[in-house]
Amino acid sequence: MTTLRIAGGQVLGPDMTVERADVLIDQDDGTILAVGDVADADETLDASDGLVIPGLVNAHCHAAMTLLRGYADDKPLDSWLREDVWPVEAALTPEDVRAGTELGMLEMIKSGTTGFADMYFEVDEVAEAVEEAGLRARIGHGVVTIGKDEEVAREDFETSLAIAEEFDGAADGRIKTAVMPHSLTTVGEEYLDDYISRTRDLGVPLHYHANETRDEVAPIVEERGKRPLEYAREKGMTGESDFVAHGVHVNTTEIDLLAETGTGVIHCPASNMKLASGMAPVQAMLDAGVTVGLGTDGAASNNDLDMFGEMRDAAMLGKLAANDASAVAAESVVEMATRGSATALGFDSGRIEEGANADLAVIDLSSAHLVPHHDLVSHLAYAARGSDVRHTICDGTVLMADREPLTLDEDSVMENAEKRAKELVERAIE
Ligand SMILES: CSC[C@H]1O[C@@H](n2cnc3c(O)ncnc32)[C@H](O)[C@@H]1O
Ligand SMILES: [Zn+2]
């Protein structure tokens, strides 16, 4: 057995308390062996002046959309997608998706994220990139059927199922999959019965955008006389392993439905603010017992993949939404970004405890904006930044040490993404 000791730091425990401790990792099976005073190990990573936290889990994103960062801003969801994003995405090549995914993962590793969920296209490229970068991910091919002939729409769903089957368990189990219909309005009902039942046979989760904007909820209510998540339940799309992105416009019946079925909700506060989609009732969902995780969404609607920013946004927006300064408190957002997201994605991560996946980040506490150290959980939620991350470890492997990424070549990833992004946009607007 090869062991790694993260030594000399303070450690954030699963109950959100902070204690002085070392963390011992079994690098062969990628799990935490012990938390406490650890005498010896094959290798040591220094965490003095640091706080060891569970690696953050970005539970909803489209990593390759880093190529569209800053390409189209200041519009609402529907026109942003139809006028700007979808026309460019139509010109994406597999190499573009690879380059954008690598850039997204570089950004995530640098800011202490060790796991993510990704809905996009060219997923075989995404899978290879995840394997190379060393992160943990639940990935899937996003299906859109509106505006497509039946044959093409069915092909899209077949791709999503085939990808889910092929890559589940890849990269030594770091990669898991899901079938990912884009949303309840962009996928036709005529396809759901068949493909949802085949997803269940495959035994993988479903992940889709739901209740993101008022404009998306209204037609479902008008046409079907029921709320979107009631429609989703009727179609068999809610359950313990399933997770929806956004859940902004959910009423009390839908909140109860989410809690009863165990369906996870991934809160994306920055994207919801930027596209003016609305304020999710996060405290009400937490009070009802819904599993709530946190996600950045794509970098084109955020515009970064920094989960520290997302925690801060979630806390701030949660208070406004509830009209209550005590709502969505620091502990709640840290819990959401770690265990909440990990649970929603089905990862045994998000907690520093013997037996859990060794997915960790070490935060450097020595910067001016983190002094004094009254309450380190408060700092994680309100004051820390992605650039405070010193080391990132996933599955027992060190992905970044002393701010130097080890699995991705930082300069060439950035250079390639810059070039591909420029050529992509030129091709798309030709
Ligand atoms: C079919 S792959 C995923 C698809 O989703 C698009 N997308 C990015 N952000 C959002 C969002 O906030 N709501 C809905 N859809 C979104 C992305 O551009 C891809 O086309
Ligand atoms: Zn999204």
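Analyst: The domain bounds used here come from an automatic or database domain assignment. On that basis, the protein chain of this predicted model is divided into domain 1 (3-54 + 356-404) and domain 2 (56-345).

The record comes next. In an unreviewed entry, UniProt places the feature "binding site" at His60, His62, His209 and Asp297. These positions are spread over 238 residues of sequence, yet they cluster in space, with a largest C-alpha distance of 11.9 Å.

His60 lies in strand β8 (residues 56-61). His60 counts as buried because 29 C-beta neighbours fall inside 10 Å, the threshold being 20 or more. Leaving aside neighbours within four places in sequence, His60 is in contact with Ala117, Ala245, Ile266, Cys268, Gly295 and Asp297; Asp297 is itself one of the annotated positions.

His209 lies in strand β13 (residues 207-210). His209 is likewise buried, because 25 other C-beta atoms lie within 10 Å. With neighbours within four places in sequence again left aside, the contacts of His209 are His182, Ser183, Ala245 and His246.

Across the boundary, 19 residues of domain 1 are in contact with 21 residues of domain 2. On the domain 1 side, α13 (376-383), β18 (389-394) and β19 (397-401) each supply at least two residues, and the largest share, 5 residues, comes from α13. The residues of that side divide into 12 nonpolar, 4 polar and 3 charged.

Terms used:
Residues numbered from 1 in each chain as written. Chains lettered and ligands numbered in written order. Predicted model: local features only at pLDDT ≥ 70, side-chain atom pairs only at ≥ 80, totals over all residues. UniProt positions renumbered as here; feature names shortened; annotations may be inferred. Helix = DSSP H or I, 4+ residues; strand = E, 2+ residues; numbered from the N terminus. Buried ≥ 20, exposed ≤ 12 C-beta atoms within 10 Å, placed from the backbone. Contact = placed C-beta atoms within 7 Å. Nonpolar A, V, L, I, M, F, W, Y, C, P; charged D, E, K, R; others polar.
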